[in-house]
Amino acid sequence: MYLSASFVCVSIFILILGLPPLQISPLGKAVLITGCESPLARALAKRLDDLGFTVFAAFKKLQDSDDAATLKETSSGRVKLLQLNVTSEVEMLEASLAIVEQLPDGEPGLWALVHCDLWSVLGELEWVPFPVLRKSFDINVLGASRLTQIMLPLIRSSKGRVVFLSSALAHLPSPVRGVLSATQAALEGLAVCLRRELKPRRVGVSIVCASEATAGDTWLNDRDMRAQAKAMWTLLSEEQKEAYGEDYFEQAIRSVEPFSHGDADFQATVRALTDAIMRTFPVFRYTPLNRQEKLQTIAAEHLPSSLYEILFKA
Ligand SMILES: *[C@@H]1O[C@H](CO)[C@@H](O)[C@H](O)[C@H]1NC(C)=O
């Protein structure tokens, strides 16, 4: 009896020792985070810096950014600020050169690229001006795709990761959020395939589906949202204004207020992003959602749409 118990213990011990570590070591590894205008992306930058990563924090507009200056001041010398507008080919190429120059000694490339640059547009399709629609696809879909293309040689050399910050909205049919839902669904389609394409190259791909409320001020602040709504209303034709009415319009815009709750807790999302970067065998899809959102996502995917609409008044 005694013998067999110790035999079991020894076997378990060997098994644990024999397994690869669950997490990679951050030391000497470099991560690029886009969209550091958002508090969520900056919180991730801080977290990765604390863990020992070299962090390239990319800002759409680095010049005169107080957020960038504060991040630099409050973090270690391993945080490097980058100017990176993902709709500018030149800036993306310049960023890749800047990264190569500043990689930690002996590092073959970039360990992870984290796409946090996300531009939210809210409004029913008929209201969204076409240039605005185009800009959101330019940033959220084309920008992220092109940046991935440019950075992949660097990521392949490290057998690293590509991580996309997406939104639960990609799976939830709900009015006013159509454009964002479309760009994130497009990105997820790309990511699902990219994951399989990069498997032989030993590069991991993950998606983190953040909750709508989490997004909060990380995606859109209250002032921007109201300004956007006002601009949209002014651009409508008289016929459209009459057909929808100002009350309906305002109510629709108010329905997306969770977007602008600046105090939203995004720690669960930061944890999921960190896990996608650090776990030896990363999970493909993370859903740091609250219970109501998880339930709604499952219902949206599995229930008949008529039933879903009754249950969630979508
Ligand atoms: C990013 O680049 C595009 C195209 O070059 C430009 O239209 C846009 O204003 C730039 N965005 C910022 C925030 O500088």
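**Starting at one alanine**

With 15 C-beta neighbours inside 10 Å, A299 counts as partly exposed, because that label covers residues between the exposed limit of 12 or fewer and the buried limit of 20 or more. Keep in mind that you are looking at a predicted model. You can find A299 in helix α12, which covers residues 291–302. Which residues does A299 touch, once its neighbours within four places in sequence are left aside? They are Y308, L311 and F312. Take L311 from that list: A299 and L311 are separated by 12 residues in sequence, and their C-alpha atoms are 9.0 Å apart in space.

Helix α13 is made of residues 305–312, and α12 packs with it at an angle of about 155°, the axes being 8 Å apart. That angle makes the two helices α12 and α13 roughly antiparallel, since angles over 145 degrees are counted that way. The crossing of α12 with α13 is left-handed. On the α12 side the contact has Q296, A299 and A300, and on the α13 side it has Y308, L311 and F312. Sorted by class, the residues of this contact between α12 and α13 are five nonpolar, one polar and no charged.

Now let us step back to the whole chain. The protein chain has 13 helices and seven strands. Of its 314 residues, 37% count as buried. If you take the contacts between residues at least 6 apart in sequence, 76% of them join residues at least 24 apart.

Two packed helices are described by the angle between their axes and the distance between the axes. Helix α4 spans residues 89–102; its axis and that of α5 come within 10 Å and cross at roughly 25°. α4 is therefore roughly parallel to α5, and the crossing of α4 and α5 is right-handed. From α4, the residues M92, L93, S96 and I99 meet R146, L147, I150, M151 and L154 of α5. This contact of α4 with α5 divides into seven nonpolar residues, one polar and one charged.

The other partner is helix α6. Here α5 (residues 130–158) and α6 (residues 178–198) pack at about 20°, and their axes are 10 Å apart. How are α5 and α6 directed relative to each other, roughly parallel or roughly antiparallel? They are roughly parallel, because the angle is under 35 degrees. The crossing of α5 and α6 is right-handed. The contact is built from L133, S136, F137, N140, V141, A144 and S145 on α5, together with V179, T183, A186, L187 and L190 on α6. Eight of the residues in this contact of α5 with α6 are nonpolar, four are polar and none is charged.

Stay in this area and look at the loop between β5 and α6, where you will find L169. L169 is buried, with 26 other C-beta atoms within 10 Å. Leaving aside its neighbours within four places in sequence, L169 is in contact with R177, L180, S181, Q184 and E212.

Most residues other than glycine have a negative phi. V176, however, has a positive phi near 75°. Is V176 buried or exposed? V176 counts as buried, with 20 C-beta neighbours inside 10 Å.

R202 also has a positive phi, of about 60°, although it is not a glycine. You can find R202 in the loop between α6 and β6 (204–210). R202 is exposed, having 10 other C-beta atoms within 10 Å.

Our last stop is the ligand. Which residues are around the ligand? They are K60, K61, N85, T87 and S88. By class, this shell has no nonpolar residues, three polar and two charged.

Key:
Residues are numbered from 1 along each chain as its sequence is written. This is a predicted model: local features need pLDDT of at least 70, side-chain atom pairs count only at pLDDT 80 or more; totals for chains, interfaces and linings use all residues. Axes are lines fitted to C-alpha atoms, for helices over the stretch in contact, and angles run from 0 to 180 degrees between N-to-C directions. Helices (H or I, at least four residues) and strands (E, at least two) are DSSP runs, numbered from the N terminus. Angles under 35 degrees count as roughly parallel, over 145 as roughly antiparallel, 65 to 115 as roughly perpendicular and the rest as oblique. A crossing is left-handed if the near helix is turned anticlockwise from the far one by less than a right angle, and right-handed if clockwise. Two residues are in contact if their C-beta atoms, placed from the backbone, lie within 7 Å. Ala, Val, Leu, Ile, Met, Phe, Trp, Tyr, Cys and Pro count as nonpolar, Asp, Glu, Lys and Arg as charged, and the others, Gly among them, as polar. A residue is near a molecule or strand if its C-beta atom, placed from the backbone, lies within 6 Å of it.
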